[in-house]
Amino acid sequence: MPSSNSIRDHAGQGATTVAAHRARRRLRADQARQLADLLRHQLLAGGYPDGTLPHETALATDYRASRNTVRQALDLLRAEGLVDRLPGVGTVVVAQKYPHRLDRLMGLAETLREHGRVTNEVRTMGPAPAPAPVAERLHVQPGTDVLYIERLRRLNGLPLSLDLTYIPLDIGTALLGADLENTDVFRLLETITGKRLGHAEITLEAVNADTHSAAVLQAPHGAAVLMLERLTHLADGRPVDLEFIRFRGDRITMSGLLHRSL
């Protein structure tokens with residue numbers, strides 16, 4: 001009959017084996033995530049112009065990774081909807097993300113003009129009492145009417161963002177007859193006021209799509225969307241445009257050029 005010490009030793013060896021196996025799995029998962037980040041950058045930057053990724057063996061060699069790690073990385077990209085595996089073809093790019101720069105004050109159509117046509121479906125538009133947070137940001141009295149606009153914005157027909165916009169009514173009234181379906185609000189604001197836009201304060205965060213937003217954007221309910229809050233000022237400093245923009249995270253990337261300042 002085995003002694004108590006040998007039983008404990010055997011149990012300890014078993015526990016060590018399980019712990020080592022878990023550690024290997026965690027390491028492979030970490031490596032797969034790192035590889036997925038590199039491959040995502042490559043495919044979004046146009047690194048695979050024919051739309052097909054190299055064979056798993058080639059990727060494993062190029063990135064000094066195991067085949068299992070490569071497969072796990074490709075599974076992560078497949079779950080994001082960026083790639084798919086086609087029998088007899090291999091792994092192909094099936095989605096594209098469009099660049100939106102955060103260091104330039106531009107309307108969406110201006111930003112994406114090289115990628116196609118932006119159109120706007122005006123879902124709601126009209127005067128509405130300004131909630132206190134909106135009134136504070138736009139420097140108007142709480143309850144004062146502002147122009148409220150809700151737009152679904154599409155790029156080449158694909159839903160890209162849902163924009164909720166608040167504009168002081170003395171400026172916004174002139175927008176009521178404007179061509180909002182084909183023109184950025186930024187351009188219209190500069191035309192109406194006769195002044196250039198100056199700067200904007202922005203906040204970017206990830207939020208879960210509510211039922212309404214998901215339905216309008218044709219995204220899964222609860223899917224993560226990029227929410228950009230932007231308060232735009234005229235060159236003289238007056239705040240004129242407060243926006244809450246929900247972007248489909250699977251169709252947009254945010255980028256910018258930052259300089260270190262201490």
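Which residues does Val70 touch, not counting residues up to four places away in sequence? They are Leu35, Glu56, Leu59, Ala60 and Ala65. Contact means heavy atoms within 4.5 Å.

## Basis

This is a predicted model, in which local features need pLDDT of at least 70, side-chain atom pairs count only at pLDDT 80 or more, and totals for chains, interfaces and linings use all residues. Residues are numbered from 1 along each chain as its sequence is written, and side-chain values use heavy atoms, leaving out hydrogens and water.

## Nonpolar cores

The largest nonpolar core has 15 residues. Such a core is a set of buried Ala, Val, Leu, Ile, Met, Phe, Trp, Tyr and Cys residues joined through side-chain atoms within 4.5 Å. Buried means under 20% relative accessible area, exposed over 50%, partly exposed in between (1.4 Å probe, protein chains only). Val70 and Leu74 are among the residues with the most contacts inside this core.

Helices H1 (4–44), H2 (56–62) and H3 (67–79) each give two or more residues to the core. H1 gives the most, with 5. Helices (H or I, at least four residues) and strands (E, at least two) are DSSP runs, numbered from the N terminus. Apart from this core lies another, of 13 residues, including Ile149 and Val240.

## A hairpin

Strands E1 (residues 83–86) and E2 (residues 90–93) run antiparallel, joined by 4 bridges. Strands pair if DSSP finds at least two bridges between them. Arg85 stands opposite Thr91 in E2. The hairpin has 3 residues between its strands, and Gly88 in the turn has a positive phi of about 80°.
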